[in-house]
Protein chains: 2
Amino acid sequence: MSGKRASAIISPRLLRQYVPVFAALSDETRLLLVTRLIDGLPRSISQLTEDSKMSRQAMTKHLHVLENAGLVRGEMAGRECLFELEPRPLEEIRDYLDLVSKQWDQALTRLKKLVETEG
Amino acid sequence: MSGKRASAIISPRLLRQYVPVFAALSDETRLLLVTRLIDGLPRSISQLTEDSKMSRQAMTKHLHVLENAGLVRGEMAGRECLFELEPRPLEEIRDYLDLVSKQWDQALTRLKKLVETEG
DNA sequence: GAAATATGCAACTTAATAGTTGCATGTCCG
DNA sequence: CGGACATGCAACTATTAAGTTGCATATTTC
């Protein structure tokens with residue numbers, strides 16, 4: 001019963017999958033897009049561009065970055081392209097960050113114990 | 001009792017603070033650095049460079065990116081500079097992602113109800 | 001069918017990022 | 001003190017990202 005060292009190792013292979021997701025979220029415009037699509041309602045590119053100071057093409061590029069990271073999904077509906085949120089990747093990196101956080105806490109506890117034992 | 005719409009709005013001002021953190025994590029080398037420092041033990045730049053195929057200067061730059069995002073803290077100790085993890089920003093964006101995730105679930109529930117009512 | 005709307009594609013500019021190399025400085029150890 | 005080690009600073013290159021403009025195409029709507 002000597003304290004389970006649950007330190008589930010995070011494989012580099014898995015880490016690599018997170019990179020494009022973090023990259024997609026490392027931009028204010030795209031973070032705003034995500035929080036805007038949070039209500040589950042699909043929106044067209046024009047709609048999403050409307051109250052922005054950016055060109056439609058710039059917004060389109062941002063949406064493609066999000067789409068390539070799997071964070072949104074666009075579907076043609078007539079002449080417009082409707083985008084909606086895809087929460088899976090968000091949940092994955094949240095779980096990753098949660099794991100890191102928990103491992104950090106475990107590590108601190110372990111280090112503390114070590115000091116007590118030695119001191 | 002018509003279903004609390006707890007949709008705590010996420011302020012753009014707050015969102016902006018997350019950008020550099022996500023940016024710092026949008027690189028494989030830096031993600032590896034974070035997971036390596038997760039055990040709480042400070043490590044010198046040389047140590048962190050050792051089993052990498054990268055130059056020391058490149059690694060130094062990566063560490064500075066992490067440091068500017070508040071994710072690590074470096075301190076001089078004699079002739080070497082020891083870096084250790086600083087988990088606060090990680091926890092903050094985890095909480096943000098958790099909020100997004102929860103709002104998404106709420107939104108889905110709401111939409112579902114709406115369909116039931118109308119149908 | 002013509003006008004208005006929504007989008008896609010391509011070329012281009014500008015700025016930022018990742019990486020390199022070379023050299024200078026400071027610290028430890030014999 | 002002198003050599004080895006650890007780091008800092010600066011200049012330079014190459015690649016990628018963000019944004020623009022212009023034009024082509026498809027779809028509504030009247």
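In the predicted model, helix 4 of chain B lies across strand 2 and strand 3 of chain B, and runs at about 120 degrees to strand 2 of chain B. These strands belong to an open sheet of 3 strands in chain B, with the order 1-3-2 and antiparallel pairing. Its edges are formed by strand 1 (43–44) and strand 2 (72–77) of chain B, each of which pairs on one side only. Strand 1 of chain B is joined to strand 3 of chain B by 2 bridges, and the two run antiparallel. Within this pairing, B:Ser44 has B:Leu82 of strand 3 of chain B as its bridge partner.

Chain B is superposed on chain A by a rotation of 180 degrees with 0.0 Å of shift along its axis, at an RMSD of 0.0 Å. The two copies are therefore related as by a two-fold rotation axis. The same surface serves both copies, since 100% of the contact residues of chain B recur in chain A.

Between the protein chains, 34 residues of chain B are in contact with 34 residues of chain A. On the side of chain B that touches chain A, the elements giving two or more residues are helix 1 (12–24), helix 2 (28–36) and helix 5 (88–118) of chain B. Helix 5 of chain B gives the most to this side, with 13 residues. By class, the side of chain B that touches chain A comprises 22 nonpolar, 5 polar and 7 charged residues.

Two or more residues of the surface near DNA strand C are given by each of helix 3 (45–50), helix 4 (56–68) and strand 3 (80–85) of chain A, and by helix 4 (56–68) of chain B. The most, 5 residues, come from helix 4 of chain B, the helix that lies across strand 2 and strand 3 of chain B. The surface near DNA strand C has 5 nonpolar, 9 polar and 6 charged residues.

DNA strand D likewise has 20 residues around it, and A:Ser55, A:Gly78, A:Arg79, B:Ser44 and B:Ser46 come nearest. Here the elements giving two or more residues are helix 4 of chain A and, from chain B, helix 3 (45–50), helix 4 and strand 3 (80–85). Helix 4 of chain A gives the most to the surface near DNA strand D, with 5 residues. That surface divides into 5 nonpolar, 9 polar and 6 charged residues.

Methods. Residues numbered from 1 in each chain as written. Chains lettered and ligands numbered in written order. Predicted model: local features only at pLDDT ≥ 70, side-chain atom pairs only at ≥ 80, totals over all residues. Helix = DSSP H or I, 4+ residues; strand = E, 2+ residues; numbered from the N terminus. Nonpolar A, V, L, I, M, F, W, Y, C, P; charged D, E, K, R; others polar. Near = placed C-beta within 6 Å. Contact = placed C-beta atoms within 7 Å. Least-squares fit on C-alpha atoms with pLDDT ≥ 70 in both. Pairing = 2+ DSSP bridges. Axes fitted to C-alpha atoms, helices over the stretch in contact; angles between N-to-C directions.
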